[in-house]
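Student: Hi, could you walk me through a structure that is new to me? I'd like to start with the overall picture and then go into some details.

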Amino acid sequence: MQSLQEKASEWSGVAIDDAFSIDDTNLFNKLGLQTFINLSTNFYNRVYADEEEWFRSIFANSKKEDAIQNQYEFFVQRMGGPPLFSQRRGHPALIGRHRPFPVTHQAAERWLHHMQQALDSTPDIDGDSKTKMMNFFRHTAYFLVAGDELKNQNQQIPCKHAAKRDDS
């Protein structure tokens, strides 16, 4: 059985090493807090103005300001900054937090479309950082799709920290 990371790589077209190249550089130190705030604001302005009603409806029960804060705090934490997200909301647990939403291939592509536009129009992010970030975002989007498909198949998602036991 393929792991969620392997499925994410297959579906996203991004190798695991490329997806996690964001760990090679402290992007928070390189770009700064305001850049992440600007990126998330730019992104969610696009999401909430999306022409596709089916996509906007995914976010209908969320306040835009909360979505922006959740996203930039997660990005800051994941990309080398302080654990802002965990301090306020607990462990990121991406699959669990996205469980109520339809995280389909179509939704992932629409999300990625807006993120690419937001990255391209956030001037303080250099080309190398944009590439690393987009590889991470693409892989993570499809990691969530894989998790959503397991949910829809009513399967348990094994925790990567679970120890294998031999009860014999």
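Tutor: Here is a short tour, from the whole chain down to single residues. This is a predicted model, in which local features need pLDDT of at least 70 and side-chain atom pairs count only at pLDDT 80 or more, while totals for chains, interfaces and linings use all residues. Residues are numbered from 1 along each chain as its sequence is written, and side-chain values use heavy atoms, with hydrogens and water left out.

Student: Okay! How many helices and strands are there in the protein chain?

Tutor: The chain has ten helices and zero strands. Both come from DSSP runs, numbered from the N terminus: helices are H or I with at least four residues, strands are E with at least two.

Student: And what percentage of the residues is buried?

Tutor: Of the 168 residues in the protein chain, 41% are buried. Buried means under 20% relative accessible area, exposed means over 50%, and partly exposed is in between (1.4 Å probe, protein chains only).

Student: What share of the contacts is between residues 24 or more positions apart?

Tutor: Among contacts with a separation of 6 or more, 72% are between residues 24 or more positions apart. A contact here means heavy atoms within 4.5 Å.

Student: Let's zoom in. Which residues of helix α1 are buried?

Tutor: Helix α1 covers residues 4-12, and its buried residues are Leu4, Ala8, Ser9 and Ser12. They sit on the same side of α1, because they cover an arc of only 140° around the axis. That arc is taken from the directions from the helix axis to the C-beta atoms.

Student: Why would residues a few places apart point the same way?

Tutor: An α-helix has 3.6 residues a turn, so residues three or four places apart point the same way.

Student: What about glutamine 5, what is it in contact with?

Tutor: Glutamine 5 lies in helix α1 and is partly exposed, with a relative accessible area of 26%. Leaving aside neighbours within four places in sequence, glutamine 5 is in contact with Ile16, Phe20, His139 and Phe143.

Student: New topic: how many salt bridges does a search of the whole structure find?

Tutor: The search finds five. A salt bridge is a side-chain nitrogen of Lys or Arg within 4 Å of a carboxyl oxygen of Asp or Glu.

Student: Which residue does aspartate 23 meet in a salt bridge?

Tutor: Its partner is arginine 78, at 2.6 Å, N to O. Aspartate 23 lies in the loop between α2 (16-19) and α3 (27-31) and arginine 78 in helix α6, so the pair ties together parts that are 55 residues apart in sequence.

Student: And which one meets lysine 30?

Tutor: That is aspartate 126, with 3.3 Å from N to O. Aspartate 126 is in the loop between α9 (105-120) and α10 (127-152) and lysine 30 is in helix α3, so this pair ties together parts 96 residues apart in sequence.
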